[in-house]
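Me: I would like to go through this model with you, one question at a time, with the terms spelled out as they come up.

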Amino acid sequence: MFLMADAVLAAKSGQKTPNGYYNVERMLRGCLVKHAEIGACGTCMDARGMTDADLIEGVRRSNMAELAQWTAEADKVLVW
């Protein structure tokens, strides 16, 4: 999974949401990190003032070259 633009904020650690509301950090940590490689666009992180230390465990800073490589290697690509 590649997080781009505002989606990089989904991997920010320490999110606090009211009970009953979804928490994307919890969703990423709970299932995706265990079963998928997750990269966050480094340029997008920089634009939002995020550092590598802001990311939850299992998500790492990435770049457009890696996104292009993942896309070329994938059998299917889903854009959401």
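Me: Which residue in strand 2 does Leu-3 stand opposite?
Reply: This is a predicted model in which local features need pLDDT of at least 70 and side-chain atom pairs count only at pLDDT 80 or more, while totals for chains, interfaces and linings use all residues. Residues are numbered from 1 along each chain as its sequence is written, and side-chain values use heavy atoms, with hydrogens and water left out. Strands here are DSSP runs of E with at least two residues, helices are runs of H or I with at least four, and both are numbered from the N terminus. The residue in strand 2 that stands opposite Leu-3 is Ala-40.

Me: How many bridges join strand 1 to strand 2, and in what order do the strands of the sheet lie?
Reply: Strands count as paired if DSSP finds at least two bridges between them, and strand 1 and strand 2, which run parallel, are joined by two bridges. The open sheet holds three strands with parallel pairing, in the order 1-2-3.

Me: Why is one side of strand 1 and of strand 3 left without a neighbour in the sheet?
Reply: Strand 3 covers residues 59-62.

Me: What kind of aromatic pair do Phe-2 and Trp-70 form?
Reply: Rings of Phe, Tyr and Trp (its six-membered ring) pair if their centres lie within 6.5 Å, and planes under 30 degrees apart count as stacked, over 60 as edge-to-face and the rest as tilted. A search of the whole structure finds one aromatic pair. Phe-2 lies in strand 1 (residues 2-3) and Trp-70 in helix 3 (residues 64-73), so the pair ties together parts that are 68 residues apart in sequence. With 6.3 Å centre to centre and 85° between the planes, the pair is edge-to-face.

Me: Are Phe-2 and Trp-70 buried or exposed?
Reply: Phe-2 and Trp-70 share one state by relative accessible area, and both are buried.

Note on methods. Buried < 20%, exposed > 50% of the residue type's maximum accessible area, 1.4 Å probe, protein only.
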